[in-house]
Amino acid sequence: MYIAVLTAIVFVYGLIIWISGQTELAPDVRKNLPPEAIESIYEELQYRCLVGLLMMVISLFPVMIYLCLDF
């Protein structure tokens with residue numbers, strides 16, 4: 001039971017992180033920032049997407065194991 005709840009929490013948290021990494025900078029912000037800052041912001045957003053995807057994939061391993069073992 002605890003594993004199912006933990007799996008759901010990790011999956012939802014990974015989904016939230018992945019969605020937050022999909023955001024784009026507004027044109028006003030992009031215009032007022034130096035190119036180095038924009039590049040670092042985009043790198044951080046890309047890192048968020050990867051971490052979110054990794055969390056979702058890791059959270060699905062217990063589900064796959066459960067389905068393969070067929071308790």
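Which residues in α1 meet which residues in α3?

Reply: Some ground rules come before the answer. This is a predicted model, in which local features need pLDDT of at least 70 and side-chain atom pairs count only at pLDDT 80 or more, while totals for chains, interfaces and linings use all residues. Residues are numbered from 1 along each chain as its sequence is written, and side-chain values use heavy atoms, with hydrogens and water left out.

The chain has 3 helices and 0 strands, and from the N terminus on its elements run α-α-α. Helices (H or I, at least four residues) and strands (E, at least two) are DSSP runs, numbered from the N terminus.

Now to the part in question. On the α1 side, the residues that meet α3 are Ile3, Thr7, Val10, Phe11, Tyr13, Gly14, Leu15, Ile17, Trp18, Ser20 and Gly21. On the α3 side they are Leu45, Arg48, Cys49, Gly52, Leu53, Met55, Met56, Ser59, Leu60, Pro62 and Val63. A contact means heavy atoms within 4.5 Å.

Helix α1 covers residues 2–21, and helix α3 covers residues 35–69. Their axes come within 7 Å and cross at roughly 160°. That makes α1 roughly antiparallel to α3. Axes here are lines fitted to C-alpha atoms, for helices over the stretch in contact, and angles run from 0 to 180 degrees between N-to-C directions. Angles under 35 degrees count as roughly parallel, over 145 as roughly antiparallel, 65 to 115 as roughly perpendicular and the rest as oblique. The crossing of α1 and α3 is left-handed, meaning that the near helix is turned anticlockwise from the far one by less than a right angle; clockwise would be right-handed.

Thr7 is one of the α1 residues in this pairing. Leaving aside neighbours within four places in sequence, Thr7 is in contact with Ser59, Pro62 and Val63. Thr7 counts as buried because its relative accessibility is 11%. Buried means under 20% relative accessible area, exposed over 50%, and partly exposed in between (1.4 Å probe, protein chains only). Val63, which lies in α3, is partly exposed, with a relative accessible area of 37%. Val63 and Gly14 are 49 residues apart in sequence, and their C-alpha atoms are 16 Å apart in space.

Tyr2 also lies in α1, but Tyr2 is exposed, at a relative accessible area of 75%. The C-alpha atoms of Tyr2 and Tyr66 are separated by 14 Å, although the two residues are 64 residues apart along the chain.

Leu25 is buried, with a relative accessible area of 16%. Beyond its neighbours within four places in sequence, Leu25 is in contact with Arg30, Ile38, Ile41 and Tyr42. Between the C-alpha atoms of Leu25 and Ile41 the separation is 8.8 Å, for 16 residues along the chain.

As for the whole chain, residues 24 or more positions apart account for 76% of the contacts with a separation of 6 or more. Of its 71 residues, 17% count as buried. The C-alpha atoms fill a box of roughly 55 × 15 × 15 Å, taken along the principal axes.
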